Amino acid sequence: MHRKIHSSYLGILLLLLTISAFLRLPFLTTIPPGGANVLVLRLPSAIAGIFSIFFLVEIIKRSTSNSQLAILTGVIFSLMPWHIEQSRVHSEVMLGVTTILAGIYASQLFTSRLTSMAILLISSGIFFGVYRDFWLFSGQSLLPNLYYILGNIFKLLSFEFLFLKNDSFWSGGFRIIGTMLSSFLVPFCIGLVVVSKKLEWHNSVLVFCILIILFISALNPLFPEQSEFFLVSPIFSFILANGIYYLLKRFHSIHGAYKIVYFAWICMVIYEHVLFLHFYITHYSNRIQNEIPYDKRTF
């Protein structure tokens with residue numbers, strides 16, 4: 001029985017990675033339109049994006065012993081507009097996210113705490129090597145006041161930024177859709193409650209990581225043009241997965257009227273994903289083609 005469940009998990013994971021590759025690798029130089037040698041720049045990000053999904057699924061599975069929640073987290077991460085956008089351009093932060101996830105996954109393979117810590121330290125060093133645009137090490141400095149910091153924090157946590165308009169990648173970003181789809185607002189809020197009620201140590205680590213990344217992103221002197229906040233995307237996927245998982249577990253016990261609401265919500269999710277792909281493939285690509293000169297398309 002255990003072998004059958006494991007085989008089913010691997011089959012679903014392979015299917016997820018195949019779909020993820022299909023969304024990231026085809027037409028990599030033309031969607032969005034790129035400049036000279038753009039394939040050399042974008043291909044590492046696309047491959048890293050696929051691997052990041054695998055690492056996140058395995059991390060969640062090993063941390064929670066819940067393969068369904070792990071797969072659901074991977075599906076959300078794979079279909080997240082922000083992740084797809086960063087996977088199809090030259091994105092150092094995507095390389096950084098994948099490096100950190102790879103380090104966490106590798107550290108879980110060993111029972112020795114010393115070995116795990118050494119792996120995490122090595123992955124942190126690699127992270128700063130591949131993410132050279134990390135603003136703390138870019139030589140840019142700023143002495144922001146409290147108003148500046150709080151204003152940026154409120155923007156990053158706003159409904160508009162998270163679910164309607166992600167302008168963190170202004171020069172070549174999508175910008176007309178948030179980091180997550182608006183139909184995920186309710187399950188994301190439910191996921192926040194679910195995760196906050198669980199007192200496991202790793203949930204405390206997640207909260208700490210969100211706060212640190214939020215503060216670093218808010219301090220960026222180029223704000224809102226910044227990519228550091230993308231580092232929270234795996235955590236957001238996990239939170240959202242918890243909310244959807246909570247709702248799915250209660251689907252069979254609810255009345256017929258509520259099932260209609262569930263069905264309408266699923267239709268909305270599908271519609272928003274189709275709409276995102278339509279705008280990304282057509283309107284977004286046309287905007288890049290018309291607004292950004294060929295020699296400037298190095299993203």
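Two remarks on the basis. The model is predicted, so local features need pLDDT of at least 70 and side-chain atom pairs count only at pLDDT 80 or more, while totals for chains, interfaces and linings use all residues. Residues are numbered from 1 along each chain as its sequence is written, and side-chain values use heavy atoms, with hydrogens and water left out.

I begin with the salt bridges. The term covers a side-chain nitrogen of Lys or Arg within 4 Å of a carboxyl oxygen of Asp or Glu. How many does a search of the whole structure find? It finds 4, and I will go through some of them.

One is between arginine 62 and glutamate 58, at 3.8 Å from N to O. Both residues sit in helix α2, residues 38-64, and because they are 4 residues apart there, about one helical turn separates them. Helices here are DSSP runs of H or I with at least four residues, strands are runs of E with at least two, and the numbering starts at the N terminus. For accessibility, buried is under 20% relative accessible area, exposed is over 50%, and partly exposed is in between, with a 1.4 Å probe and protein chains only. On that scale arginine 62 is partly exposed at 42%, and glutamate 58 is buried at 10%.

Another salt bridge joins glutamate 92 to arginine 132, with 3.6 Å between the closest N and O atoms. This pair links distant parts of the chain, 40 residues apart: glutamate 92 belongs to helix α5 (residues 92-108), and arginine 132 to the loop between α6 (113-130) and α7 (146-156). Glutamate 92 is buried, with 9% relative accessibility, whereas arginine 132 is exposed at 57%.

Aspartate 167 and lysine 155 also form a salt bridge, at 3.2 Å from N to O. Lysine 155 is in helix α7 and aspartate 167 is in the loop between α8 (159-163) and α9 (185-197), so the bridge ties together parts that are 12 residues apart in sequence. Aspartate 167 is buried at 8%; lysine 155 is partly exposed at 23%.

Next, the nonpolar packing. A nonpolar core is a set of buried Ala, Val, Leu, Ile, Met, Phe, Trp, Tyr and Cys residues joined through side-chain atoms within 4.5 Å. Which residues have the most contacts inside the largest core? They are Val57, Met180, Phe229 and Phe236, in a core of 74 residues.

Contact means heavy atoms within 4.5 Å. Leaving out residues up to four places away in sequence, phenylalanine 236 touches Met80, Leu162, Met180, Phe188, Ile210 and Phe229.

The axes of α9 and α11 (residues 233-249) come within 7 Å and cross at roughly 95°. That makes the two helices roughly perpendicular, a class that runs from 65 to 115 degrees, with under 35 roughly parallel, over 145 roughly antiparallel and the rest oblique. The axes are lines fitted to C-alpha atoms, for helices over the stretch in contact, and angles run from 0 to 180 degrees between N-to-C directions. On the α9 side the contact includes Pro187, Phe188 and Ile190, and on the α11 side Phe236, Phe238 and Ile239 are among the residues involved. The contact residues divide into 13 nonpolar, 3 polar and no charged. In that count, Ala, Val, Leu, Ile, Met, Phe, Trp, Tyr, Cys and Pro are nonpolar, Asp, Glu, Lys and Arg are charged, and the others, including Gly, are polar.

Is serine 91 buried or exposed? Serine 91 is buried, at 2%; its place is the loop between α4 (81-87) and α5. Phenylalanine 159, in helix α8, is partly exposed at 40% and touches Leu164 and Leu185, again not counting residues up to four places away in sequence.

Finally, the backbone. The peptide bond from isoleucine 31 to proline 32 is cis, with omega near -5°, and proline 32 lies in the loop between α1 (2-24) and α2. The bond from phenylalanine 223 to proline 224 is also cis, with omega near 10°; proline 224 is in the loop between α10 (201-218) and α11.

The loop between α1 and α2 also holds phenylalanine 27 and asparagine 37. Phenylalanine 27 has a positive phi, near 55°, and is exposed at 61%. Asparagine 37 has a positive phi near 60° and is exposed at 60%.
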